[in-house]
Amino acid sequence: IDETALSNMKHMREMDFGYVPALWDQWVADADGPAIAPVLEVYRAARERSVAVFFMTGRKTTDSPGTIKNLAAIGYGDYAGLDFKPNDYPDTTQSFKTAVRRRITEELGYTIIANIGDQHSDLDGGHAERTFKLPNPFYVTK
């Protein structure tokens, strides 16, 4: 979601590109992140063609109310699934996202035709026909 479906640029600038956990939590709760326009266009094109869209995020489960509100407000309200990384998840974000894609394909029976993300951890681990790495000039995580 972050720097893929929605932008946190305003908050990052306010923090001088630093990270203050309490202020980040407030930013998420405020649900004020704008859409990344080209990704919103892809989302709309997919939904117009009845393609199911799933979001998975490294955001914590406790971030869900603000995130859901923000996604709906900027045009991403009609999705098939939204998975948050549990607050106490013991492993990496990559392992979480791989497990979610595995569940979507193996348990729910979907074929993931495109996986879009700004981090390699969004894309690595398989369970998608194609991956699309978006540029992120702000940070890189594994």
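Select Thr57 and Arg59 to begin: the backbone nitrogen of Arg59 lies 3.0 Å from a polar atom of the Thr57 side chain. Keep in mind that this is a predicted model.

**Stop 1: Thr57**

Stay on Thr57. This residue belongs to strand 1. Is Thr57 buried or exposed? Its relative accessibility is 1%, and buried means under 20%, so Thr57 counts as buried.

Now show what surrounds Thr57. Leave out its neighbours within four places in sequence. Thr57 is then in contact with Ile1, Asp2, Asp83, Phe84, Lys85, Phe96 and Lys97. Pick Ile1 from that list. Thr57 and Ile1 are 56 residues apart in sequence. In space, their C-alpha atoms are 5.8 Å apart.

**Stop 2**

Strand 2 covers residues 81-85.

How does the chain get from strand 1 to strand 2? Colour residues 64-73, which form helix 4. The chain passes through this helix on its way to strand 2. The β-α-β crossover made here is right-handed.

Now hide everything but strand 2 and look at its side chains. Gly81, Asp83 and Lys85 point one way. Leu82 and Phe84 point the other way. Bring the rest back. Why is strand 2 described as largely enclosed by the rest of the structure? Because 5 of its 5 residues are buried.

**Stop 3: the aromatic rings**

Next, show the aromatic side chains. How many aromatic pairs are there? The count comes to 6.

Zoom in on Tyr43 and Tyr76. Their ring centres are 5.0 Å apart and their planes stand at 70 degrees. Planes over 60 degrees apart count as edge-to-face, so this pair is edge-to-face. Tyr43 sits in helix 3, residues 37-48. Tyr76 sits in the loop between helix 4 and strand 2. The pair therefore ties together parts that are 33 residues apart in sequence.

Check how covered the two residues are. Tyr43 is buried, with a relative accessible area of 7%. Tyr76 is buried too, at 1% relative accessibility.

Phe55 lies in strand 1, so its pairing with Tyr76 in the loop links parts that are 21 residues apart in sequence. Phe55 is buried, at 10% relative accessible area.

Ring pairs link Tyr43, Phe55, Tyr76 and Tyr79 into a cluster.

**Stop 4: the nonpolar cores**

Widen the view to the largest nonpolar core, which has 14 residues. Which members touch the most other members? They are Ile1, Tyr43, Phe55, Leu71, Tyr76 and Leu82. Helix 3 gives the most, with 4 residues.

Click on Leu71. Not counting residues up to four places away in sequence, Leu71 touches Ile1, Leu6, Phe55, Tyr76, Gly77, Tyr79 and Leu82.

Another core, of 5 residues, lies apart from the largest one. Select some of its members: Phe96, Val100, Ile104 and Ile112 are among them.

**Stop 5: Asn115**

Move on to strand 3, residues 115-117, and select Asn115. At 9% relative accessibility, Asn115 counts as buried. Which backbone atom lies 3.0 Å from a polar atom of the Asn115 side chain? It is the backbone oxygen of Asp122.

Show the contacts of Asn115, again leaving out residues up to four places away in sequence. Asn115 touches Arg101, Asp122, Leu123, Ala128, Arg130, Thr131 and Phe132.

**Stop 6: Pro135**

Finish at Pro135, in the segment after strand 4 (131-133). Is Pro135 buried or exposed? Its relative accessible area is 70%, and exposed means over 50%, so Pro135 is exposed.

Last, select Thr4 along with Pro135. The two residues are 131 places apart in sequence. From C-alpha to C-alpha, Pro135 and Thr4 are 9.0 Å apart in space.

Notes. Residues are numbered from 1 along each chain as its sequence is written. This is a predicted model: local features need pLDDT of at least 70, side-chain atom pairs count only at pLDDT 80 or more; totals for chains, interfaces and linings use all residues. Side-chain values use heavy atoms; hydrogens and water are left out. Buried means under 20% relative accessible area, exposed over 50%, partly exposed in between (1.4 Å probe, protein chains only). A crossover is right-handed if, with the strands pointing away from the viewer, the path from the first strand over the helix to the second runs clockwise. Rings of Phe, Tyr and Trp (its six-membered ring) pair if their centres lie within 6.5 Å; planes under 30 degrees apart count as stacked, over 60 as edge-to-face and the rest as tilted. A nonpolar core is a set of buried Ala, Val, Leu, Ile, Met, Phe, Trp, Tyr and Cys residues joined through side-chain atoms within 4.5 Å. Contact means heavy atoms within 4.5 Å. A polar contact is a pair of N or O atoms within 3.5 Å; within protein, one must be able to donate a hydrogen and the other to accept it, and residues adjacent in sequence count only if both atoms are side-chain atoms.
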